[in-house]
Amino acid sequence: MKSKILGLFRSTQDIISGEILSTALGISRVSVWKHIQKLQECGYEIEATPRGYQLLSSPDTPFPWEFPQREGLIHYFPEVSSTMDIAKEMARKGASHFSVVIAGRQTSGRGRLRRTWYSDDGGLYFTLILRPNIPLQWCFRVNFAASLALCRTVRRLTGLNAAVKWPNDILVDGKKLSGMLSEMEAEAEMVSFVTVGIGINVNNDPTEYEPTACSLRQLLGKPVSRKEILARFLDELQTYLDEAEDNLEKTIAEWKEITCTLGRRVSVMTPLETSTGLALDIDSTGALILELPDGSHKKVLYGDCMTED
Ligand code: BTN
C-alpha cells in the first residue's frame, strides 16, 4: 500500500484529495489517513490540507516499498550488528535468491581479512543473498559480476571515474569508496547460497577512521541518493550475474577495462605472506597473476592489494 500511495503522489506535483486516494487505492478515507500517518512516522513529509494531501519530501531510506519491483525481497533495519549475520541466518532458513538485507547503520560491521567496517549513518550497507546454481569453484564469478555491476553503477549515476581494485574494492582517484565481503555455504560441491556484503560510502564521512577512503558526498559536494544507487545496482547485477555464468570471458574482459590494478606494481598481503610484483593479468579462476622481480609468475588467490607506484 505504501508504494502505491507514494506512486500516486509521485505521479503528480499536486495535492491529491482523500477521496481520490481512497478510490484509487480501494480503501476507506480513514485507512488512507492511517497509511499517511505511518509514512509520516517513517520520515515522509506529507502535508495534510483541507484540499487533500501533498508529498513534500521523502527520506533517503531504502525502505522495501521504495523498490516496488522487488518489495518482497528487501529487508531494511535501522540498526543491526552486521547485515552478513542477518543475511546468513535468513539464507539458512530458506530466503529467496536476490533477497537483500539493508542496515541504516551497523554496530559490528566487518570487512575482509577480519577487519572492522565502520558503518555510520549515511552509508549504504547491505548483504545480498544469492543462490546461483554453480559449483563452488565458480563462486569467484559472483564477486566479479558484483564488482563490475557496482563500478558501472557508480560511473553511470555519478560520472565519476570509479575503478575496481583487485579483488573487488571500488576506488575513485586511488581512494576507497566501497568494499565487498563474500561468504558462502555449499553442499555436495554445489553452492547453496552466497552472501555478498557491500559497504558504500555515500553520505557518510569515512576519513575519520580511514584516511585513504572517500565518500560520494565528499567527491561530488552534494548528497547522493542511496535508494537510487541500490536500485540501479540490483538491476545491473542481474545482467552481470547471468553473463558471468554463461560467458565468463566477456565478464573478465569487461572487468579488465575498468580495473586500476593491472599494469601496476603491487604488493598483495595475506596473513601468511606478502608478494610484490607487477600485476600482469587475471586468470580464468579470478586469481591475480604477478610478475615477480626475478621474472617468474605467481598466482595470488586472495589478499589485500596495495599499489606501489
Ligand atoms: C572490505 O572492503 O573489507 C569489505 C567491506 C564489506 C562491508 C559490508 S557493509 C555490509 C556488509 N555487512 C558487513 O558487516 N560487512 C559488509
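In which loop is Pro167 found? Pro167 sits in the loop between strand S6 (162-165) and strand S7 (169-172). This report describes a predicted model, and it starts with the backbone at that proline.

**Two backbone details**

The peptide bond that runs from Trp166 to Pro167 is cis, and its omega is near 0°. A second detail concerns Phe98, which has a phi near 75°. That value is positive, and Phe98 is a residue other than glycine. Phe98 belongs to the loop between helix H4 (83-92) and strand S4 (99-106). As background, most residues other than glycine have a negative phi, and most peptide bonds are trans.

**Domains and the contact between two of them**

The domain assignment divides the protein chain into domain 1 (2-57), domain 2 (64-257) and domain 3 (265-307). The C-alpha centres of domain 1 and domain 2 are 33 Å apart. Seven residues from domain 1 and five residues from domain 2 take part in the contact.

Between them, domain 1 and domain 2 bury about 430 Å². Of this area, 52% is on carbon and sulfur atoms. On the side of domain 1, the residues that lose the most area to domain 2 are Lys2, Ser3 and Tyr44. Together these three account for 70% of what that side buries.

Polar links also cross between domain 1 and domain 2: four residue pairs are in polar contact, with both residues at pLDDT 80 or more. Helix H1 (residues 2-10) gives the most to the side of domain 1 that touches domain 2, namely four residues. Sorted by class, that side of domain 1 has four nonpolar, one polar and two charged residues.

**Salt bridges of Glu66**

The structure as a whole holds 23 salt bridges. One salt bridge is counted between domain 1 and domain 2. Glu66 forms salt bridges with Arg10 and with Lys227. In the pair with Arg10, the closest N and O atoms are 2.8 Å apart. In the pair of Glu66 and Lys227, the N to O distance is 3.4 Å. Glu66 lies in the loop between strand S2 (52-57) and strand S3 (74-80), and Lys227 lies in helix H7 (residues 226-246), so this pair ties together parts that are 161 residues apart in sequence.

**Around the ligand**

How many residues surround the ligand? There are 19, and the closest are Ser82, Gln106, Arg110, Arg112 and Lys176.

| Residue | Part of the residue | Ligand atom | Distance |
|---|---|---|---|
| Thr83 | polar side-chain atom | nitrogen | 3.0 Å |
| Arg112 | polar backbone atom | oxygen | 2.6 Å |
| Lys176 | N or O atom in the side chain | oxygen | 2.6 Å |

Arg112 places a backbone atom 2.6 Å from an oxygen atom of the ligand, while for Lys176 the atom at 2.6 Å from a ligand oxygen is in the side chain.

Conventions
Residues are numbered from 1 along each chain as its sequence is written. Side-chain values use heavy atoms; hydrogens and water are left out. Domain bounds come from an automatic or database domain assignment. Contact means heavy atoms within 4.5 Å. Buried area is the accessible area (1.4 Å probe) that two parts lose on being put together, summed over both. A salt bridge is a side-chain nitrogen of Lys or Arg within 4 Å of a carboxyl oxygen of Asp or Glu. A polar contact is a pair of N or O atoms within 3.5 Å; within protein, one must be able to donate a hydrogen and the other to accept it, and residues adjacent in sequence count only if both atoms are side-chain atoms. Helices (H or I, at least four residues) and strands (E, at least two) are DSSP runs, numbered from the N terminus. Ala, Val, Leu, Ile, Met, Phe, Trp, Tyr, Cys and Pro count as nonpolar, Asp, Glu, Lys and Arg as charged, and the others, Gly among them, as polar. A residue is near a molecule or strand if one of its heavy atoms lies within 4 Å of it.
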